[in-house]
Amino acid sequence: MTELSYSRGRQDRALLAMTIGAALDATARRFPLREALVVRQQGLRYTWAELVEAVDLAARGLLALGIAQGERVGIWAPNCAEWCIAQFACAKVGAILVNINPAYRVGELGYVLERSGCSWLICADRFKTSDYHAMLVELVPELAGRRPGAWQSTALPALRGVISLAEAAPAGCLRWGELAQRAQAVPPEQLQARAAGLQFDDPVNIQYTSGTTGFPKGATLSHYNILNNGHLVAESLGLTEHGRLVIPVPLYHCFGMVMGNLGCLTHGSAMIYPSAAFEPLAVLQAVAEERATALYGVPTMFIALLDHPERAGFDLSSLRTGIMAGSTCPIEVMKRVINEMHMREVQIAYGMTETSPVSTQTGPHDDLARRVGSVGRTQPHLESKIVDEHGRILPCGQIGELCTRGYSVMLGYWNDPEATRAAIDGARWMHTGDLAVMDDDGYIGIVGRNKDMIIRGGENIYPREIEEFLYRHPAVADAQVVGIPDERYGEELVAWVRLHPGHSADAEALRAFCRQHIAHFKVPRHFTFVEDFPMTVTGKVQKFRMREISIAALKAG
Ligand code: AMP
């Protein structure tokens, strides 16, 4: 008889039953003098003892600001030392860190701050095309010309303060460095008392993600969720206190802050940030100069590293392992990463924000066929099943929706019980919206998505959000966005647009309109102008047809 598509991970190692703050203190006690954090673009290096000192100062500063347990603190910044310190300091005082994508524009920022009810925001200075403070002032004009604490936002009534990462704090904001000064008013015992009152099941992090459909929802994760996931992901890699992990993936996503930061924290390995945002040259330099043993990335990043004209000039031989995840990894890329980048033990991981994120992972001893043909087996302490449209477990070899259960499943979507109930069923299974197949040995392959999501260069894009945005353009009567395969980014966006009669707008005009208001990765690369969309007889738009037509049109040039 064929086995059923159900599997359970190993359970031979106990889960960590502690808060993130307690885990950090334990690591600093074990490895005080080993390197903890290297931030190359800022020229900063910390041992675990130094990092804990910086985290405790920031945490006492947060207490001095009156931040209570459970208050939400947003962070809107590219990768930097302060991001890591803020992550651990918020965890120590029991504040809930709200990750905000640094590519977001004003509307997206306002949505996240409002929905999560952030009372404080840690805000970067400027980076590339983003002047964070200028965008914030558009949302909170009351900041201009005021002292910190002397303004009240009408748009965001819950917001009490902004901590700026700029050298000189703009009007209305505190400077990051002031946290350490304010900390002097708070004795260390006060921090210890706060830490002692926290539970490992408390929420510690909110990450906005669109789940299976619709607008972003705040996946709310506990200490227990993410500390254990980071621990088990890095355990599979065999990271130890001698490990040196280069983290070029964004910290605002679980890949950076859980698999990266918490993976290292639980093993005493060094976190190495090569640059504020992904830059292939900086990654190659970081690996070579820091003698890195491990490297993370989404497939698009590995493709950029492999194709970099200067790659041959860097000694990457210190690399042993790492993770490629986030979207389907092309076989050729995997082979080249093993052969040309020395990552002979590289692993594939699969998961989603709502599950902390990793649910399945290949192992160090899996052969190449498994590593390129599957996303591995169920992680320790978790369960996976593949079900049909009625929720019945399918026999192995049949395609259905993948569901995950266990310690890693989020507490829920922030303030959204209805959406939570739609994602997590009564038996606590998270329905992923991914289509998968399991073999008799429990290896799982991802074969598609039954959700309306596009993954471009590792960034999740929800067509509806872009469609709603395009409707705002006066010339646009209707818009449909689909994803088509792309060699470099995995997928690219095509917007099908119907214009109002008598109006005109070309692709460049619509692209410029998008660029002003939405994050760059959401701006459609291609536009197709039509009189009508392909429809079913019942009047449903046929996105798969649009996808086919767009692919054929692009091929034809
Ligand atoms: P996120 O919530 O941003 O982590 O995105 C989660 C989604 O990314 C999953 O539901 C999958 O659709 C996709 N995904 C993540 N890892 C993989 C992988 N290794 N292979 C294929 N798809 C993946």
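**Reading a helix, a network and a sheet**

Analyst: In helix H10, the buried residues are Ala282, Val283, Leu284, Ala286, Val287, Ala288 and Glu290. Buried here stands for under 20% relative accessible area, exposed for over 50%, and partly exposed for what falls in between, with a 1.4 Å probe and protein chains only. Helices (H or I, at least four residues) and strands (E, at least two) are DSSP runs numbered from the N terminus. This is a predicted model, in which local features need pLDDT of at least 70 and side-chain atom pairs count only at pLDDT 80 or more, while totals for chains, interfaces and linings use all residues. Residues are numbered from 1 along each chain as its sequence is written, and side-chain values use heavy atoms, with hydrogens and water left out.

User: What covers the buried residues of H10?

Analyst: As a general idea, an α-helix has 3.6 residues a turn, so residues three or four places apart point the same way. In this model, the cover over the buried residues of H10 includes strands S2 (35–39), S3, S13 (244–246), S14 (270–273) and S15 (294–297), together with helix H11 (299–306); contact is taken as heavy atoms within 4.5 Å.

User: How many salt bridges does the structure hold, and which parts of the chain does the one between Glu383 and Arg8 link?

Analyst: There are 36 salt bridges in the structure. One of them joins the side chains of Glu383 and Arg8 at 3.8 Å, N to O, and links strand S20 (residues 382–387), which holds Glu383, to strand S1, which holds Arg8, 375 residues apart. Glu383 counts as buried because its relative accessibility is 10%, while Arg8 is exposed at 52%. Another salt bridge, of 3.0 Å from N to O, brings together Glu492 and Arg525; Glu492 lies in strand S28 (residues 490–499) and Arg525 in the loop between helix H16 (507–517) and strand S29 (526–529), 33 residues apart. Here Glu492 is buried at 1% relative accessibility, and Arg525 is partly exposed at 37%. Salt bridges can also share partners, and in this way Glu35, Arg40, Arg45, Arg244, Glu289 and Glu290 are joined into one network.

User: What is the strand order of the open sheet of 8 strands, and which strands stand at its edges?

Analyst: Strands of a sheet pair through backbone hydrogen bonds, either parallel or antiparallel. In this open sheet, the order is S10-S9-S6-S4-S5-S11-S12-S22, with mixed pairing, two strands being paired if DSSP finds at least two bridges between them. The edges are strand S10 (174–175) and strand S22 (412–413), each with a single partner strand, so one side of each has no neighbour in the sheet. Strands S4 (residues 72–76) and S5 (residues 96–100) run parallel and are joined by 5 bridges, with Arg72 opposite Ile96 in S5. Helix H3 (residues 81–93) packs on the sheet and touches S4, S5, strand S6 (120–123) and strand S11 (203–209), its direction making about 150 degrees with that of S5; axes are lines fitted to C-alpha atoms, for helices over the stretch in contact, and angles between N-to-C directions run from 0 to 180 degrees.

User: Where does Ser356 lie, and is Ser356 buried or exposed?

Analyst: Ser356 is in the loop between S17 and S18 and is buried, with a relative accessible area of 0%. Although Ser356 is not a glycine, its phi is positive, at about 75 degrees, and the peptide bond from Ser356 to Pro357 is cis, with omega near 5 degrees. Asn415, in the loop between S22 and helix H14 (417–423), is also a residue other than glycine with a positive phi, near 55 degrees, but Asn415 counts as exposed, at 64% relative accessibility.

Conventions. Salt bridge = Lys/Arg side-chain N within 4 Å of Asp/Glu carboxyl O.
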